[in-house]
Every structure is written in structure tokens, then in C-alpha cells.
Amino acid sequence: MITIETSTDYELIADILSRSPALIRPPSAGKLRAMPKTTFFLALYNGAPSGVSCIQKLDFWHSMTKYLFVVEEYRRRGIAGELLSESVSHAEEVYHTPVVVATTNVDNVPVHMLNRRHGFRICVRFKSPLSENVLLLWVRSGVSSPSHEMEPEEKQLEV
Ligand SMILES: CC(C)(COP(=O)(O)OP(=O)(O)OC[C@H]1O[C@@H](n2cnc3c(N)ncnc32)[C@H](O)[C@@H]1OP(=O)(O)O)[C@@H](O)C(=O)NCCC(=O)NCCS
């Protein structure tokens, strides 16, 4: 059974993240503890720590989900999906930010599928300043159908 809980056990989270191949420099417990406006989620599979993620409020509009990782032996059981859902819900219901962003490597296909399934779309493709990697910036907006029509109030503002 999968359980997702919020966690401030930064030593444990840093230890789990030290196994992630997606991180060039896995963060220390101190770095995680110092991240402002950030909530960490710990996944337990039948009670065993099996994955992590976090959501960080960036500003009035945006939150960023980061550090998604599932321990190899627990993969393909829906844990990452649960962690991502929890991050997105927290951004919307606790931080009240309408936009959630995420970054991935351009060739990390598993996480692309996951992001699409959770409503993220690719916004920007860019070369990482830290490595040779090409990265994608993903955006998820709670606004279900973006409209290019002006609202009546906007029309009134037109000169
Ligand atoms: C990417 C990762 C988080 C997925 O974790 P997971 O718990 O196995 O993912 P889930 O079981 O929730 O899978 C959800 C969906 O993601 C996609 N997916 C996950 N692993 C996949 C794989 N190896 N190949 C293709 N698609 C995959 C599928 O669409 C899957 O749905 P399905 O099982 O119904 O087909 C995990 O593989 C991981 O930790 N990788 C290393 C770290 C990493 O890349 N993190 C992301 C950094 S941006």
C-alpha cells in the first residue's frame, strides 16, 4: 500500500535523493532544510521509504515541483504518480498558485509520460548552464481551457 506524507526528515530525504541518477549534484540535508517555502513529500510502500518529491512556492503565480525520485525496487507501482498529484494539489490548495512548473532532461522519457498524464505541457527547451544536458521546462495551469477571447472587463479597457 502506498502512503504519502509530508516530511521534515531532511537527512532521510537527502539519503534517498543521493541515489537519483537525475541529479548532477544531489542536495545535502542542510540545503534541503534551507529551501524557503518548500514542502517535502515522502512515499512509503508498505511502510518502507520508497520515494520523494517536493513543491516550492516561487512567487504569487508559480510553484515548482522538484526532486521527484522513486527507489528502483519500488518503481512502476504508481508511486511517482501519487507524489506528483500530491505536489500539484499542495500548489493549488495550500500555496494557491495557479501555475506549477517542472524541469526534466530532454531524454528522460518515463517522466515525460508522467508529466503529460498530470496535465503538464512543454513550454521551453533549453541548454543547461550546469552540464551538457538539454532541459525541458514544463508548465501546468489549473485554468482548464486557455482562451484567447477577451473577457468583457478587458474589452472595456481597450482604447
Ligand atoms: C521517473 C520515476 C520517478 C517514475 O517513478 P515510478 O514510481 O516508477 O512511476 P509510476 O509507477 O508512478 O509511473 C507513472 C507513469 O510514468 C511512466 N513511466 C514510469 N516509468 C517508466 C518507464 N521506465 N518507461 C516508460 N514510462 C514510464 C508511465 O507512463 C507510467 O504509467 P504506467 O505504469 O501506467 O505505464 C522513476 O523512474 C525515477 O525515480 N527515475 C529516476 C529519477 C528521475 O528521473 N526523476 C525525475 C527527475 S525530473
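Colleague: Is Thr103 buried, partly exposed or exposed?
Modeller: This is a predicted model, so the count rests on predicted coordinates. Thr103 has 16 C-beta neighbours inside 10 Å. Burial takes 20 or more, and exposure takes 12 or fewer. Thr103 therefore counts as partly exposed.

Colleague: Which residues does Thr103 touch, not counting residues up to four places away in sequence?
Modeller: Start with its place: Thr103 lies in strand β5. Its C-alpha atom is separated by 8.3 Å from that of Thr65, 38 residues apart along the chain. The contacts asked for are with Leu135, Leu136 and Leu137.

Colleague: In what order do the strands of the sheet run?
Modeller: The chain has five helices and seven strands. Along the sequence the pattern reads β-α-α-β-β-β-α-β-α-β-β-α. The sheet is open, with mixed pairing and seven strands. Their order is β1-β2-β3-β4-β5-β7-β6.

Colleague: Which are the edge strands?
Modeller: An edge strand here pairs on one side only. Neighbouring strands of the sheet are turned by 25° against each other on average, direction ignored. The edges are β1 (2-7) and β6 (121-127).

Colleague: What is the bridge partner of Ile2 in β2?
Modeller: β1 and β2 (residues 38-45) run antiparallel. Six bridges join them. The partner of Ile2 is Tyr45.

Colleague: What angle does the direction of α3 make with that of β3?
Modeller: Take α1 (residues 10-17) to begin with. That helix packs on the sheet, touching β1, β2, β3 (48-57) and β4, and its direction makes about 105° with that of β3. α3 also packs on the sheet, with contacts to β1, β2, β3, β4, β5 (99-105) and β7 (134-141). Its angle with β3 is about 30°.

Colleague: Which element gives the most to the largest nonpolar core?
Modeller: That core has 27 residues, and Ile13, Phe41, Val52, Phe69 and Leu83 touch the most other members. At least two residues each come from α1, β2, β3, β4, α3, β5 and β7. With six residues, the top contributor is α3.

Colleague: Which residues is Val52 in contact with, leaving aside its neighbours within four places in sequence?
Modeller: Val52 is among the core residues that touch the most other members. In the chain, 54% of contacts between residues at least 6 apart in sequence join residues at least 24 apart. For Val52 the list is Ile13, Ile16, Leu17, Phe40, Phe41, Leu42, Ala43, Tyr67 and Phe69.

Colleague: What is the count of buried residues in β6?
Modeller: β6 is an edge strand, pairing on one side only. This strand is hardly covered. Among its seven residues the count is zero.

Colleague: What is the bridge partner of Phe126 in β7?
Modeller: β6 and β7 form a hairpin with six residues between them. The two strands run antiparallel and are joined by six bridges. Phe126 pairs with Leu135.

Colleague: Which element gives the most to the shell around the ligand?
Modeller: There are 20 residues around the ligand, and Arg75, Ala80, Gly81, Pro110 and Met113 come nearest. Elements that give two or more residues to this shell are β4 (62-70), α3 (79-93) and α4 (109-117). The most, five residues, come from α4.

Colleague: How many residues of that shell are nonpolar, and how many are polar or charged?
Modeller: Gly counts as polar in this division. Pro and Met count as nonpolar. The shell divides into 12 nonpolar, five polar and three charged.

Colleague: Where is Asn46, and is this residue buried or exposed?
Modeller: Asn46 has a positive phi of about 50° although it is not a glycine. Its place is the loop between β2 and β3. With 9 C-beta neighbours inside 10 Å, Asn46 counts as exposed.

Colleague: What is phi of Arg76?
Modeller: Arg76 sits in the loop between β4 and α3. Arg76 is a residue other than glycine, yet its phi is positive, near 60°.

Key:
Residues numbered from 1 in each chain as written. Predicted model: local features only at pLDDT ≥ 70, side-chain atom pairs only at ≥ 80, totals over all residues. Near = placed C-beta within 6 Å. Helix = DSSP H or I, 4+ residues; strand = E, 2+ residues; numbered from the N terminus. Pairing = 2+ DSSP bridges. Axes fitted to C-alpha atoms, helices over the stretch in contact; angles between N-to-C directions. Contact = placed C-beta atoms within 7 Å. Core = buried A, V, L, I, M, F, W, Y, C linked by C-beta atoms within 7 Å.
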